[in-house]
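User: Could you walk me through how the chains in this model pack together?

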Amino acid sequence: MRKTPNYNLIFGCTLTAITVSVIVLGFFWTPFDPDAMSSAEKSMAPSLKHLLGTDNFGRDILSRVMEGAGTTLSIAFLAVSIGATFGTIIGALTGYFGGTADEIIMRINDAITAFPSILLALVAVSITGGGKTNIIIVLGILFIPSFARVVRGEFAKQRDMDYVKNAKLMGVRHTRIMFVHILPNIAPVLLSAVAIGFNNAVLAEASMSFLGVGIRPTESASLGRMLLDSQAYLFSAPWQALSAGCAISILILGFSLISEGASYRPMWRPTTKRRRK
Amino acid sequence: MRYVLKKAGIFILTLLAISLIVFIAFQVIPGDPTTRMLGTQATPEKVAALREELGLNKPGIVRYFNWLTDFLKGDFGSSYTYHMPVNELISGKLSITAALTGMSFLMVLAISFPLGILRARFAHSIPDRIAMVFNQIIMSIPSFFIGIIFTYVFGLVFKFFTPGDFVQRAENPAAFWGYMVFPALAIAIPKSAMVVKLLRSSMIREMSEDYVRTAYSRGNSRWQVLRSHVMRNAIIPVVTFLAVTLVDIVAGSIIIEQVFAIPGLGRLLMTSIIGRDLPVVQTIIMIISIAVITVNYIADISYKYIDPRIRFR
């Protein structure tokens, strides 16, 4: 059987690599100051000087998209780090040891994951108040159950495998078995979960900023906020909405392709017998 | 039947647990409601009188049961901002959001089933591969961005509808439903893409099973096999996902109501969150939670009817 290249993973990584390098570039250099207003250059269409045009305050949209995407990505990164770390620890412990605690924690998990994360995030933000730090903490905590669920499932599967039994017989400590023996074996699944986490984090941050409860306009530019502000100028300056919206979509597309590609296993693939002619 | 009853018991317990969590969550929020209602200049006597009236000096467990019985009676307290009962504030808006959600869900079904079946039928063909690329891209576009694109293309350029010109259903039902088409579609498109993808892979997996070969050997046409044999089995994982989708649509409508200026529950929720009008937020969260749990409950018991092989104890 000829192996087909994993196009999802290739395109996803390429796309994400490009967007991440643009974003990293944006941390050090943007074509213009993202906050510099200019009354002479209000709502200008894309041109050679301003590649994506300017907004209603005369700010360069490309610079703002770069800064906004950077904010979104760094929030996503921190939130996913919190979620993945605690989720993996909880999932590893419950999946490896099982028992009543596992049962109870998974019931709670089920109940939490039944709710759309954006809704829970909105509720949490209505309690804690908006702003960058709060969003990172809220999203990070909200991501714990989904990571815990994925990791737990894998650990429960690996727990009874021969190599784990072997290690136990050799007297390896439980923590070492969990994090040195089992964890590397579930890396692809974890990678897929991380990519989905990034995907959800970008979407959640953009949605919250779009709803006006996320990043405060005084903190930094944000893609969701740009989209919200652009609505009033949709007819006269559609490029404003288009740039911010496309930036969000491209970020999400990259991560969703990676998650798709990482979860790709020839044996998981739906059996594809030759089509009946 | 016993299964349905057992599930109903769990359903009610979950509702109680959620109500307790919501209650506690809104109790720990810093800030005294009396300050918000009377202002910072209120005399201590007035504050004490109001605390007595609101029952704030009773122990937490008593307040929880009072709140719960009031909630069940349909008394949701009164809004800090509007100084009117929350149920009056909500009643009209609930039906708007319900209409938007229902319409959007029907659209998801109407779009995704034909496309999913077609793509499974012509799996691995060139059109299917092209559709796969588009599917992946559409899945990545947030519904609020699709809403903005719709507003621009259909609202501002082609003038199919006037953005922001929402009509109440009581005034003009046709205009109301007409205005809802684009918001509902904006939510439905990314969700449909996900359902199409799942339905396609689920059907392809079933198509390689032995019973399918048997069905062919008995002289059934390809469409007959797909419709009455493969579909019956392929739909099972899709039902789970449809429940998730319906819940997501409810969440999506909160956002899309902002884009199209629809005065529904979502818009009220957002203004209440920003204005920190907690009784309103609390009530809307409870209503949405009840909806979420109900949807999951219905999905749970519907498996039995879709797949008679499943035996529940």
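User: How much area do chain B and chain A bury between them?
Analyst: This is a predicted model, so to speak: local features need pLDDT of at least 70, side-chain atom pairs count only at pLDDT 80 or more, and totals for chains, interfaces and linings use all residues. Residues are numbered from 1 along each chain as written, chains are lettered from A in the order written, and side-chain values use heavy atoms, with hydrogens and water left out. Buried area is the accessible area (1.4 Å probe) that two parts lose on being put together, summed over both. Of the area here, 74% is on carbon and sulfur atoms, and the total is about 3,700 Å².

User: Which three residues supply more of the area that chain B buries against chain A than any other three?
Analyst: Together they supply 15% of what chain B buries there. They are F144(B), F145(B) and I148(B).

User: Which side chains meet in a salt bridge?
Analyst: The rule wants a side-chain nitrogen of Lys or Arg within 4 Å of a carboxyl oxygen of Asp or Glu. Across the interface of chain B and chain A it finds one. With N to O at 2.5 Å, the pair is K197(B) and E260(A).

User: Is C13(A) buried, partly exposed or exposed?
Analyst: Buried means under 20% relative accessible area, exposed over 50%, and partly exposed in between (1.4 Å probe, protein chains only). C13(A) has 39% relative accessibility, so the class is partly exposed.

User: How many disulfides are there over all chains?
Analyst: The rule needs a pair of cysteine sulfur atoms within 2.5 Å. Over all chains, the count is zero.
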